[in-house]
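I wanted to look up the pockets of this protein and what lines them. My entries follow the structure.

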Amino acid sequence: MPEFAPEPSPDEAATDLVVVTGLSGGGRSTVARALENVGFYVVDNLPQALMLDMAQLAFEAGGAARRTAMVLDVRSRAFSTDLAGAVRALKERGFSPRVVFVDADDEVLIRRFESVRRSHPLQGDGRLADGIAAERKLLEEAREQADVIIDTSHLNVNQLRRRVEELFGGEDARKLRITVLSFGFKYGLPPDADYVMDARFLPNPFWVPELRDHTGLEEGVSTYVLGQEGANDFVATYAGLIASTAPGFEREGKRYLTVAVGCTGGKHRSVAIAEELTTRLLDIRLSAHSSHRDLGRE
C-alpha cells in the first residue's frame with residue numbers, strides 16, 4: 001500500500017468525493033455518465049478496499065481530479081458489506097464523501113433485466129427475484145447510510161440524468177440542496193422523502209371540467225389551487241419550517257433534502273403547490289428545484 005501524505009484538513013481538502021452504489025439495474029451507469037457531464041472524474045467498479053487510496057490520489061492530483069466519483073458494484077469480488085466503515089475511514093482522513101444510493105422497485109428491476117435478457121449477478125441457479133432479494137440484503141446498511149437515495153422506478157434515462165445534474169452541478173455542492181417533489185398518493189409514497197406534505201385538503205381541480213385535462217404547471221390550475229382557502233398559509237408554513245431547519249441540517253452534514261408534496265394523482269394540486277414552494281424557497285436564497293414524479297402517468 002502506498003504511503004499517504006499528511007492528513008488533509010477539512011479546510012485544505014477541497015476534494016469533492018461522491019460514492020455511488022445501489023441495486024443492479026437501478027441506473028448506476030446513468031448516474032456515472034451524468035456525473036461526468038458535470039465535471040466529475042468517474043472511477044467505475046472500484047474495489048471498496050481502494051476507496052481511501054483513490055481519494056488520496058485525487059487530493060494529491062488536484063485540478064479536475066478534485067471532483068471524483070467512485071462507483072461500487074456488488075459484482076466486484078472485492079465488494080464488502082462494510083461501506084459505512086469505508087466511508088468512516090475517508091472522513092477520518094479529512095474527506096467529506098457523499099454517498100448516493102440508486103434504488104428501484106423489485107417489479108421494475110425484474111422488467112429491466114428481462115428486457116435485456118440478462119441474469120442478475122447474484123441469482124445463481126435461482127430466480128431473478130432471488131438475486132434482487134440477496135442484493136437488497138447485502139446493501140441494506142449502505143442504503144441506510146446514504147446521503148441521498150434516488151428511486152429510479154418512475155424515471156427514464158433522461159429524467160435520471162437531469163436529477164443527478166441538478167443535485168451535483170453548478171452551485172456550491174456543499175450547500176443543502178432541496179428537491180420539492182410532487183407525487184400521487186395512489187402511486188405510493190416516495191421512499192426518499194424527508195418531509196411529506198398532503199395537499200388533499202384542497203378542492204381537486206379534477207372535478208372542474210375546464211381544468212381536468214390541464215396540470216399544476218399551467219396558470220389556470222395553479223391560480224385555482226393557490227386561490228383556495230388555506231393554500232397560501234399551507235405553503236408559507238412549510239417554507240418557514242424548511243427555512244428554520246435548513247441551517248441545522250447543514251451543520252449536521254446533511255446535503256440533500258427531499259420535500260414531497262402529494263395529492264391523489266400527482267397532476268394538479270401537488271404540482272402547483274410544489275412549484276409555489278420552490279419559488280418561495282428560492283426567494284429566501286435556498287438552493288431548491290422542483291420535480292414531478294407522477295405527472296403524465298394518468
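I worked from a predicted model, in which local features need pLDDT of at least 70, side-chain atom pairs count only at pLDDT 80 or more, and totals for chains, interfaces and linings use all residues. Residues are numbered from 1 along each chain as its sequence is written, and side-chain values use heavy atoms, with hydrogens and water left out.

Entry on the largest pocket. I took a pocket as an open set of points on a 1 Å grid over the protein atoms alone, where a 1.4 Å probe fits, with protein on both sides within 12 Å along at least five of seven lines, and lining residues as those with an atom within 4 Å of a point. I noted a volume of about 440 Å³ for the largest pocket, the volume being the space filled by probe spheres set on the points, which are joined across faces, edges and corners. Its lining has 21 residues, with Gly-25, Gly-26, Gly-27, Arg-28 and Ser-29 nearest the centre. Helix 1 (28–37) gives the largest share, 3 residues; helices are DSSP runs of H or I, at least four residues, and strands runs of E, at least two, numbered from the N terminus.

Entry on the second largest pocket. I found about 270 Å³ of space here, and among the 15 lining residues Val-87, Lys-91, Pro-97, Gln-145 and Asp-147 are closest to the centre. Helix 3 (83–92) and strand 4 (98–103) each supply at least two lining residues, and the largest share, 5 residues, comes from helix 3.
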